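Subject: Structure handover

Hello,

I am passing a structure on to you.

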Protein chains: 2
Amino acid sequence: MQQAVQRQVRAAVEPADRTIRLALAGCGTVGGALLEQLTRRSSAIAHRHGIRIDVVRILVRDERRDRGGHVPRDLVTTDLHEFLATDCDIVVEAIGGTDTAVVIARHALMCGRALVTANKALLAARGAELADLARRHDAPLSFEASVAGAVPIVRVLRDALPHAGVSAVRGVLNGTTNYLLTRMHAGATFEAALAEAQRFGYAEADPARDLDGRDAADKVAVLAWQAFGVPPGRVHVETRGLLPWPDRIVADAVALGGVARSVGEARRNAAGVSCTVEPVVVNGDSPLAGLVGADNLVEIETAAAATIRLAGPGAGGDATASALLADILAAAPSPPAPARNVGPAADTRRHRWSISVPAARREELAAAAHRIRVPAADVTEDGLHVRLLTEPVDRSLAGALVRALELQACEPVLLRVER
Amino acid sequence: MQQAVQRQVRAAVEPADRTIRLALAGCGTVGGALLEQLTRRSSAIAHRHGIRIDVVRILVRDERRDRGGHVPRDLVTTDLHEFLATDCDIVVEAIGGTDTAVVIARHALMCGRALVTANKALLAARGAELADLARRHDAPLSFEASVAGAVPIVRVLRDALPHAGVSAVRGVLNGTTNYLLTRMHAGATFEAALAEAQRFGYAEADPARDLDGRDAADKVAVLAWQAFGVPPGRVHVETRGLLPWPDRIVADAVALGGVARSVGEARRNAAGVSCTVEPVVVNGDSPLAGLVGADNLVEIETAAAATIRLAGPGAGGDATASALLADILAAAPSPPAPARNVGPAADTRRHRWSISVPAARREELAAAAHRIRVPAADVTEDGLHVRLLTEPVDRSLAGALVRALELQACEPVLLRVER
């Protein structure tokens, strides 16, 4: 078994300097999306990073499940010992839970292999132990994917802000909950919103850990660890989720003139670090209220640089797989990216444009638009100025119209319209 | 002069494993803020990174200007050759412009020293040349501070998303312009908004490069380079700023039912990379419209992980210095952060809370609030439920009230109120 069958997911078309052997535990939504991205982006990875990533073993719970074309059947095993014995450089743990995951994680690190995981529950329970193992065996431990999906919060806390005097890390860390709250504020009942979320894949079949706040609490523990060094297993996260009366949370927030958000927060104070997950009423014009749907938003409050915000897709296979892939590439010994053969180009998209001139110059505007054949969607006038709104056209056409008007000293104002 | 006078900005109280000698070119808003942060955070840096940063030389244009207590007079020089000859590990270029800056940058890299710069104009003009020098002399070149201040966009593009199939990087990259547009949408004239911005330090005495879009165009060139590998000197950024009729831009946006934002954008298409800076009308509920004041916001559109947003203070001494400091620490050979002696703690802040119960249980709510001495700011009832809004109180007090109501099966709903 030591001599595992190796297979390249797809032949890289560019020469790759080095091959990285990757063993993947778990092939559900996240693991499947990772395999798909490894296949689809293998050529770009070879080109930019000079490496080829070979998947050498895939551990699954149910061998018979159909996993589509990205999953080579001969690499799949249900045997944990066979998986552990597979010779590889990087182990990706996407199997979830803590029982099997901790065995896989410990074994990988003790063998000096890089461990990349999306498992916040594992980290919240065993993070300090795994970090210690990683140090002692000089094995990289990475977990960008464990918090806020594709939003690179772990990396930013670790690399960009270690010196900045972080006083708090907080935000919306559970996309399911935020989707439900958004829909309920729009008038849906909790039951209808949940059914909708499950239909669209924003909520799992069993959303218990999302709804009672445990999922967000694990993420808060990981953030407290990264921001403040407090071991996640020692942290107590005071947690209240949306249950048992989610509709009343929204009704109360509306009665207070605000918007309900489920906020996870780790905050440094004189005594240590306090951690909470709870429903909070925020102002309608706040960034937290502005976050609608299943996205995540993290706010980092710092002494040196005020508040920095990161937002993006916080869950889902592609977002989580993207974060796993960033960690995989960071753990691989990759040379600096070569300059790519990309040059400047013109904007090829069509946009709608607004072109205004003083009202006295309306004739020149109409004549120039007619001559240059700029199709008008609307023309309005308010006494001072006349405004032409174009149909979607090339940038060059709007530019030609403006230059023609400038030559006639018509003082045109050009705006791109994105609404 | 080779044997430069060295002085430690402040004795680190923790033992530091290694001393990094830093030469600083420029001691204006950014350079001064960096010296202040180096002083204030020296103990935290020694503790977390195991290094001590000694400032060994400071190049200024005007020796006589008073720079306050953070700037040791005996390190200050106006002599470029003396500055270049100073033996050091890291050169920080915060002098601005391109003439002196390019001499400093080339010299540092050719000596194998790390170069950290905030100078987007330098990078836009000479980035590829400097990157090539850095490669050949194995000298780190870092410029997180050159785009969007404290927002770690360069790091995120380089480390977190190199594989993600970035298709566009765009956003509000000039805080001065965004402050002016925000104020003008609130009714101020351009002249009044500009005077206000200068009074509050959001606009420089000569804001020409902000207003005509050149500042944002330099940043777009740097982003296009980092995201797509196109050499910044080869990029043409089609640029229109707020001038010459800023008030008309806002009036036209309002007439179109939207909000005007100055958007910088680098976008990959089949032919190459197109780069623009121009006024754009966006929807009032869009993230770009939600960005008010002098903050920056960057949106990264990716194939693998949808759109990721980063926002925060984009300019100003502290924000820029914070980004410089992150680059300085990344360039220094620093051991992994030791676990810090921080433990869990209770939340020590006071909050306002909303506690609601079914209307039939109003007596129990009033009695429990009275008994536990929770001060009420307001009590409202809507037929279904009665809601108590507290004065700011400790979390423990709100928790005690909820537990008392739960014991009486009053079905309380607790919300933290942040508005």
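Below is what was found, from the whole chain down to single residues.

This is a predicted model: local features need pLDDT of at least 70, side-chain atom pairs count only at pLDDT 80 or more, and totals for chains, interfaces and linings use all residues. Residues are numbered from 1 along each chain as its sequence is written, chains are lettered from A and ligands numbered from 1 in the order in which they are written, and side-chain values use heavy atoms, with hydrogens and water left out.

**The two copies**

A rotation of 180 degrees, with 0.0 Å of shift along its axis, puts chain A on chain B at an RMSD of 0.0 Å. The superposition is by least squares on the C-alpha atoms of residues with pLDDT of at least 70 in both copies. Of the interface residues of chain A, 100% are also interface residues in chain B, so the copies meet through the same surface.

**Chain A overall**

Chain A has 15 helices and 18 strands. These are DSSP runs numbered from the N terminus: helices are H or I with at least four residues, strands are E with at least two. Along the principal axes, the C-alpha atoms of chain A fill a box of roughly 80 × 60 × 45 Å. Of the 419 residues in chain A, 59% are buried. Buried means under 20% relative accessible area, exposed means over 50%, and partly exposed lies in between (1.4 Å probe, protein chains only). Contacts are heavy atoms within 4.5 Å. Among the contacts in chain A with a separation of 6 or more, 71% involve residues 24 or more positions apart.

**Strand β3 of chain A**

Strand β3 (residues 51-59) of chain A is mostly covered, with eight of its nine residues buried. Pairing of two strands requires at least two DSSP bridges between them. Strand β2 (residues 18-25) of chain A pairs with β3(A) in the parallel sense over eight bridges. There, A:L22 has A:V55 as its bridge partner. Two bridges also join β3(A) to strand β4 (residues 76-77) of chain A, again running parallel. A:I58 stands opposite A:V76 in β4(A).

**A kinked helix in chain A**

Where is helix α5 of chain A kinked? The kink is centred on A:R126, in a helix spanning residues 120-136, and amounts to about 80 degrees. The bend is the angle between axes fitted to the seven residues ending at a residue and the seven starting there. A:N119 caps the N-terminal end of α5(A), with a side-chain oxygen 3.2 Å from the backbone nitrogen of A:A121. Buried residues of α5(A) include A:L122, A:G127 and A:L130. The buried residues of this helix pack against β5 (90-93), α4 (99-110), β6 (114-117), β7 (141-142) and α10 (214-228) of chain A. After α5(A) comes A:D138, with a positive phi near 55 degrees.

**Sheets in chain B**

An open sheet of six strands in chain B has the order β3-β2-β1-β4-β5-β6, with parallel pairing. β3 (76-77) and β6 (141-142) of chain B stand at the edges with a single partner strand each, so one side of each has no neighbour in the sheet.

Strand β15 (residues 385-390) of chain B has six of its six residues buried. In a regular strand the side chains alternate between the two faces of the sheet. In β15(B), B:H385, B:R387 and B:L389 are buried on one side, and B:V386, B:L388 and B:T390 on the other. Strand β13 (residues 350-358) of chain B pairs with β15(B) in the antiparallel sense over five bridges. Strand β14 (residues 376-381) of chain B also pairs with β15(B) in the antiparallel sense, over five bridges. Three residues lie between the strands in the hairpin of β14(B) and β15(B), where B:G383 takes a positive phi near 95 degrees.

**Single residues in chain B**

B:L401 sits in helix α15 (residues 395-407) of chain B. B:L401 is buried, at a relative accessible area of 0%. Leaving out residues up to four places away in sequence, B:L401 touches B:I355, B:A368, B:A369, B:I372 and B:V374. B:L401 and B:I372 are 29 residues apart in sequence but 6.6 Å apart in space, C-alpha to C-alpha.

How many disulfides does the structure hold? Over all chains there are zero, a disulfide being a pair of cysteine sulfur atoms within 2.5 Å. The sulfur of B:C111 is 8.1 Å from the closest cysteine sulfur, in B:C88, too far for a bond.

Best wishes

Note on methods: Polar contact = N/O pair within 3.5 Å; in protein donor to acceptor, adjacent residues only side chain to side chain.
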